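Me: I have a protein model open and want to learn how to read it. Can we take it feature by feature?

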Amino acid sequence: MNEQVIAEMVRQVLKGMASGSAPAESAPAPQRPETSDGRVTAKDYPLGTNRPDLIRSPTGKKLDELTLDAVVKDVATFKDFTITPEALELQAQVAESAGRPQIGRNMRRAAELTRIADERVLEIYNALRPHRSTFDELIAIADELDDKYQAHTCAAHVREAADVYRRRKLLRGDRPES
């Protein structure tokens, strides 16, 4: 990938993070305290604007350190612009406080998936397509998610899919009803 393409990608990411309302450097973002249990709420959204102090890259950089200049100087790398499980947990808290528990659960599943190589995630995705896997293969994937990645929510999701696929005859080798 050439440097111009990377620079444009970074510009777009930073533009999206700022969303036109980022605080000026001389005026820090308002600091809202978390709830008494340390959780953030919908009032903190968007976190990049209202709670940038909570956002860190996978390598520990603060949000304001993720600049185009940092990319050009090789101080910030592609890995710094990937989502972290912690950021997804914060987003889950925001969603739940806004009355959207399903989105919160999805964010937590996504947080678990950050521990798994992209290629393996795609393999699992393909295995979950109807008629692609046997019941035992899906259970083996669920066990792998539990044991190897501690992705317990995702494992439960795959087990549930295996049960549903068995009931609906969507496993490999099942004959679709005509």
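Reply: Start with contact: heavy atoms within 4.5 Å. Helices (H or I, at least four residues) and strands (E, at least two) are DSSP runs, numbered from the N terminus. Now the case: what covers the buried residues of α4 includes α2 (47-50) and α5 (101-113).

Me: What kind of model is this, and how are residues numbered?

Reply: This is a predicted model, where local features need pLDDT of at least 70, side-chain atom pairs count only at pLDDT 80 or more, and totals for chains, interfaces and linings use all residues. Residues are numbered from 1 along each chain as its sequence is written, and side-chain values use heavy atoms, with hydrogens and water left out.

Me: How many helices and strands does the protein chain have?

Reply: Eight helices and zero strands.

Me: Which residues in α4 are buried?

Reply: Buried means under 20% relative accessible area, exposed over 50%, partly exposed in between (1.4 Å probe, protein chains only). In α4 the buried residues are Ala-87, Leu-88, Leu-90, Ala-92, Gln-93, Val-94 and Ala-95. For the protein chain, 29% of its 178 residues count as buried.

Me: What span does α4 reach?

Reply: The expected span of a helix is 1.5 Å times one less than its number of residues. α4 has 13 residues and reaches 18 Å from first C-alpha to last, close to the 18 Å expected. After α4 comes Gly-99, with a positive phi near 80°.

Me: Where is Thr-84, and is Thr-84 buried or exposed?

Reply: Thr-84 sits in the loop between α3 (68-72) and α4 (85-97). Its relative accessibility is 5%, so Thr-84 counts as buried. Leaving aside neighbours within four places in sequence, Thr-84 is in contact with Arg-56, Ser-57 and Pro-58.

Me: What does the side chain of Thr-84 reach?

Reply: A polar contact is a pair of N or O atoms within 3.5 Å; within protein, one must be able to donate a hydrogen and the other to accept it, and residues adjacent in sequence count only if both atoms are side-chain atoms. Here the Thr-84 side chain reaches the backbone nitrogen of Ala-87 at 3.0 Å.

Me: How are two packed helices described?

Reply: By the angle between their axes and the distance between the axes. Axes are lines fitted to C-alpha atoms, for helices over the stretch in contact, and angles run from 0 to 180 degrees between N-to-C directions. Take α7 (residues 135-149) and α8 (residues 152-167): their axes come within 8 Å and cross at roughly 170°. That makes α7 roughly antiparallel to α8 (angles over 145 degrees count as roughly antiparallel). Residues making the contact include Phe-135 and Leu-138 of α7 and Val-158 and Tyr-165 of α8.

Notes. Parallel < 35°, antiparallel > 145°, perpendicular 65-115°, else oblique.
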